[in-house]
Amino acid sequence: MRRKIFALGLLLLAGAATAQDRTVTWMGNEEIKAAFTGVTINGIYGDGATFTESYAPDGRISYRDTRAALALTGRWSVINRSFCTLYDTLITGGCFRVSRHSNNCFEFYFFSNSESEAALDLPTRPSWTARGWDKARASTCDEKPAV
């Protein structure tokens, strides 16, 4: 019985490693612009806190975060395959690589602190930050990735 439980544990660990090691495909500049221009997304961070962020066609942002009841404004841009969200009143935000997880589910990976850093495209390993979806459509974030 112990051997069966141990074997099952190894299989589960192998499956988890495969999921974590899957190749992430980053969205390109035009893909990012098409997906987010004029769109409001709902999202969730790794700690479970939720947020809503709107991306106006003129490059302005409106952000609400449930953790600290924050309401921020700022600007967004796309630089070198990075989706940058920078805020007017706080020194927060940054530039993110974006992966389309499923039809209406995007994963955001922190890449750099600023647009100038994103433009350099330094070799760095982006770190997962959040998942979001277009608020106007049904979320597909529970679907398994196609990869």
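Biologist: What pattern do the disulfides of the protein follow, with bonded cysteines counted along the chain?
Modeller: The pattern is 1-2, 3-4, counting the bonded cysteines along the chain. Please keep in mind throughout that this is a predicted model.

Biologist: And how many disulfides does a search of the whole structure find?
Modeller: The search finds two. One is formed by Cys-84 and Cys-95, whose sulfur atoms are 2.0 Å apart, and it links distant parts of the chain, with Cys-84 in strand β5 (residues 82-87) and Cys-95 in strand β6 (residues 93-102), eleven residues apart. Another joins Cys-105 to Cys-141, at 2.2 Å from S to S.

Biologist: Why is the disulfide of Cys-84 and Cys-95 right-handed?
Modeller: The torsion about the S-S bond of Cys-84 and Cys-95 is about 110°, and therefore the disulfide is right-handed. The disulfide of Cys-105 and Cys-141 is also right-handed, because its torsion about the S-S bond is about 105°.

Biologist: Are those cysteines buried or exposed?
Modeller: Cys-84 counts as buried because its relative accessibility is 1%, under the 20% that marks a buried residue. Cys-95 is buried as well, at 0% relative accessibility, and both Cys-105 and Cys-141 are buried too.

Biologist: Let's step back a bit: how many helices and strands does the protein have?
Modeller: The protein has three helices and eight strands, and along the sequence they follow the pattern α-α-β-β-β-β-β-β-β-α-β. Of its 147 residues, 37% count as buried.

Biologist: Which residues of helix α2 are buried?
Modeller: In α2, which covers residues 29-36, the buried residues are Ile-32, Ala-35 and Phe-36. They lie on the same side of α2, because they cover an arc of only 80° around the axis. Glu-30 and Ala-34, on the other side of α2, are exposed.

Biologist: What do the buried residues of α2 pack against?
Modeller: They pack against strands β1 (39-45), β2, β4 (70-79), β5, β6 and β7. Just after α2 comes Gly-38, which takes a positive phi of about 75°.

Biologist: Phe-36 makes me think of rings; which residues form one aromatic cluster with Phe-36?
Modeller: The cluster is made up of Phe-36, Tyr-55, Trp-76, Phe-83, Phe-106 and Phe-108. The count of aromatic pairs comes to 13. Among them is the pair of Tyr-55 and Phe-83, with ring centres 5.0 Å apart and planes at 65°, so the pair is edge-to-face. Tyr-55 is in strand β2 (residues 50-55) and Phe-83 is in strand β5, 28 residues apart, and both are buried.

Biologist: Which residue lies over the face of Phe-111?
Modeller: That is Arg-97, at 3.9 Å from the ring centre of Phe-111.

Biologist: Switching to another arginine, where is Arg-131, and is Arg-131 buried or exposed?
Modeller: Arg-131 has its place in strand β8 and is buried, with a relative accessible area of 19%, where the cut-off for buried is under 20%.

Biologist: What does the side chain of Arg-131 reach?
Modeller: A polar contact of 2.4 Å joins the side chains of Arg-131 and Glu-107, while the backbone oxygen of Cys-141 is reached by the Arg-131 side chain at 3.1 Å. Not counting residues up to four places away in sequence, the residues that Arg-131 touches include Asn-42, Phe-51, His-101 and Cys-105.

Biologist: One more place to look at: where is Thr-66 found?
Modeller: Thr-66 is in the loop between β3 (60-65) and β4, and counts as exposed because its relative accessibility is 53%. Leaving aside neighbours within four places in sequence, Thr-66 is in contact with Ala-49 and Thr-50.

Biologist: How far apart are Thr-66 and Thr-52 in space?
Modeller: They are 8.7 Å apart, C-alpha to C-alpha, and 14 residues apart in sequence. For the protein as a whole, among contacts between residues at least 6 apart in sequence, 43% join residues at least 24 apart.

Key:
Residues numbered from 1 in each chain as written. Predicted model: local features only at pLDDT ≥ 70, side-chain atom pairs only at ≥ 80, totals over all residues. Heavy atoms only, no water. Disulfide = S-S within 2.5 Å. Helix = DSSP H or I, 4+ residues; strand = E, 2+ residues; numbered from the N terminus. Buried < 20%, exposed > 50% of the residue type's maximum accessible area, 1.4 Å probe, protein only. Phe/Tyr/Trp six-rings, centres within 6.5 Å; stacked < 30°, edge-to-face > 60°. Lys NZ or Arg CZ within 6 Å of the ring centre and 35° of its normal. Arc of directions from axis to C-beta. Contact = heavy atoms within 4.5 Å. Polar contact = N/O pair within 3.5 Å; in protein donor to acceptor, adjacent residues only side chain to side chain.
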